[in-house]
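Dear colleague,

I am handing over the structure below, and after it I set out what was found. Please read the text with the model open beside you.

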Amino acid sequence: MSGAVTDPAAPPRRRAPTHWLAQVVPGSVPGVDRLPDRAEVVVVGGGVAGVSAAYWLARMGAGVLLLESRRLGWGATGRNAGIMLAGQSPLEDPALLREVLAEEGIEAEYEEPGHLALARTPAIRERMDQEVAARPATAPPLRVLDPAECEELLGLRIAPDFLGGRWLPGGAVVHPACFLYGIARAAVRRGALVATQTPVLSAGPAPRGDGVRVTTARGTVRARHLVLACSARSPLLRRRMGRAVTPVRGQVLATRPMRRVFRVGLAVDWGTLYWRQAADGAVVLGGYRNLDPAGETGTRETLHPRIQEALERFLPQAFPGLGPVVVARRWAGIMDETADGRPVVGRWPDDSGVWVSAGFGGHGLPPALGVARALAAALVRDGAPEGMDRLDPARFKEFLR
Ligand SMILES: Cc1cc2nc3c(=O)[nH]c(=O)nc-3n(C[C@H](O)[C@H](O)[C@H](O)COP(=O)(O)OP(=O)(O)OC[C@H]3O[C@@H](n4cnc5c(N)ncnc54)[C@H](O)[C@@H]3O)c2cc1C
């Protein structure tokens with residue numbers, strides 16, 4: 001690969017698949033030795049959707065058991081870039097995140113340094129101008145910057161093919177694995193049980209209408225409710241959701257720690273590329289799925305050499321004068337895209353006691369806590385989630401099985 005240097009001194013591939021997961025200790029979230037026979041709620045999936053659901057359920061007094069087939073965060077949550085671009089929905093309000101981090105004493109390198117998306121074509125630049133012009137006065141501030149203003153903001157020279165950028169001063173970043181593990185420890189402190197290395201093999205109605213029977217590789221559990229937060233990588237979800245959800249792959253690399261160059265979160269266009277510099281100086285860069293969208297569809301977390309090469313060339317080309325960029329790690333992750341681009345969260349459209357929280361695509365961090373709180377509140381009072389009509393799984397009735 002060219003354009004940058006692959007680090008000859010990089011440590012041999014450790015068991016943790018990503019930069020983030022190499023910095024957390026799986027054993028720091030206490031797990032159960034034996035599965036209970038019964039639980040009020042079983043949550044399947046130890047990513048940000050499942051862990052956040054378990055956290056709120058425990059906080060609201062429900063007896064919850066979280067089952068994860070690998071380790072916490074081994075799915076998309078530990079493989080992303082940790083960029084948080086909250087939209088205008090109250091479910092994504094960063095105030096809730098700040099509140100939970102403070103209340104639970106979670107150190108997750110959360111910051112709000114702002115986010116700059118550079119425009120590489122006149123059409124994208126025009127769309128950015130239109131977006132800013134149409135923005136309601138009540139929405140978080142957004143501005144379009146010309147190339148000189150982008151250079152001034154970044155303190156860096158940018159390649160001449162960038163035509164300006166979309167500046168979101170409220171853009172945030174987080175260490176996704178520290179965030180996840182912090183929420184998981186808080187859930188356990190509040191009474192949730194966690195079992196990792198516990199794949200759920202099947203789930204269906206228990207005999208005599210006695211809730212849900214969950215069969216795992218470590219035994220069977222009966223539950224009143226089941227929350228499927230296992231993402232479209234899992235056949236458990238795909239079997240139910242049919243064509244409503246598609247697993248798509250994303251490629252990411254992390255450099256060796258560099259001097260601090262990028263103080264804000266960054267992207268090209270609407271996320272063709274995205275990157276940020278972590279607190280330890282490593283630049284985490286992902287994207288270029290557009291180079292092979294068909295090939296990058298599926299459930300295997302495999303590297304795509306051509307996309308990885310393109311990622312590796314990008315930074316030195318985009319920022320002349322940046323100096324050598326040394327790649328330390330590469331990984332791939334699977335996100336689940338729904339047919340209409342919105343998550344699917346709520347009660348399964350029957351009386352089976354099954355709920356779902358999935359389909360967050362490339363944007364699962366900002367809504368995680370807000371969506372999980374609404375889901376948990378609905379489950380505990382046995383009603384419909386509030387403020388989430390647009391996410392209701394029933395909208396995909398024709399695809400669901
Ligand atoms: C490359 C990449 C970059 C991204 N960048 C960003 C970003 O910068 N910002 C952002 O907001 N979002 C980003 N995302 C999206 C974000 O990571 C996801 O939306 C979010 O992590 C989804 O969380 P989840 O809990 O639904 O799924 P996951 O994190 O995938 O968790 C699902 C879990 O379920 C487990 N599981 C599956 N089947 C079973 C089973 N049968 N039994 C038990 N457990 C099971 C899996 O092992 C997994 O741990 C990115 C995603 C990828 C892949």
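The domain assignment of the protein divides it into domain 1 (5-11 + 113-172 + 246-338) and domain 2 (21-107 + 176-244 + 340-396), with bounds of this kind coming from an automatic or database domain assignment. Please keep in mind that this is a predicted model, in which local features need pLDDT of at least 70 and side-chain atom pairs count only at pLDDT 80 or more, while totals for chains, interfaces and linings use all residues. Residues are numbered from 1 along each chain as its sequence is written.

The centres of domain 1 and domain 2, taken over C-alpha atoms, are separated by 28 Å. Between them, 25 residues of domain 1 are in contact with 24 residues of domain 2, where two residues are in contact if their C-beta atoms, placed from the backbone, lie within 7 Å. On the side of domain 1 that touches domain 2, the elements giving two or more residues are strand 13 (245-255), strand 15 (273-277), strand 16 (283-287) and strand 17 (326-338); here helices (H or I, at least four residues) and strands (E, at least two) are DSSP runs, numbered from the N terminus. Strand 17 gives the largest share of that side, seven residues. By residue type, the side of domain 1 that touches domain 2 has 11 nonpolar, 11 polar and three charged residues, with Ala, Val, Leu, Ile, Met, Phe, Trp, Tyr, Cys and Pro counted as nonpolar, Asp, Glu, Lys and Arg as charged, and the others, Gly among them, as polar.

The shell holds 44 residues, and the closest are Gly47, Gly75, Gly250, Gly333 and Gly364; a residue is counted as near a molecule if its C-beta atom, placed from the backbone, lies within 6 Å of it. Two or more residues of the shell come from each of helix 1 (48-59), strand 4 (83-84), strand 13 and strand 17. The shell around the ligand divides into 22 nonpolar, 18 polar and four charged residues.

As for the protein as a whole, there are eight helices and 19 strands, and the C-alpha trace spans about 70 × 50 × 40 Å along its principal axes. The radius of gyration, taken over C-alpha atoms, is compared with a globule rule of 2.2 Å times the number of residues to the power 0.38; a compact globule of 401 residues would have a value near 21 Å, and the protein, with 21 Å, agrees. Of the 401 residues, 48% count as buried, a residue being buried if 20 or more other C-beta atoms lie within 10 Å of its own, exposed if 12 or fewer, and partly exposed in between, with C-beta atoms placed from the backbone.

Strand 10 (residues 200-205) and strand 11 (residues 212-216) pair in the antiparallel sense over five bridges, where strands pair if DSSP finds at least two bridges between them. Serine 202 has threonine 215 in strand 11 as its bridge partner, and among the six residues between the strands arginine 208 takes a positive phi near 60°. Leucine 201, also in strand 10, counts as exposed because it has 12 C-beta neighbours inside 10 Å; leaving aside its neighbours within four places in sequence, leucine 201 is in contact with Thr215, Thr216 and Ala217. Six residues lie between strand 18 and strand 19, and glycine 353 in the turn has a positive phi of about 85°.

Tyrosine 288, in the loop between strand 16 and helix 7 (305-318), has a phi near 60°, a positive value in a residue other than glycine, and it counts as buried because it has 21 C-beta neighbours inside 10 Å. Arginine 240 lies in helix 6 (residues 235-241), and its C-alpha atom is separated by 8.4 Å from that of phenylalanine 399, 159 residues apart along the chain.

With kind regards
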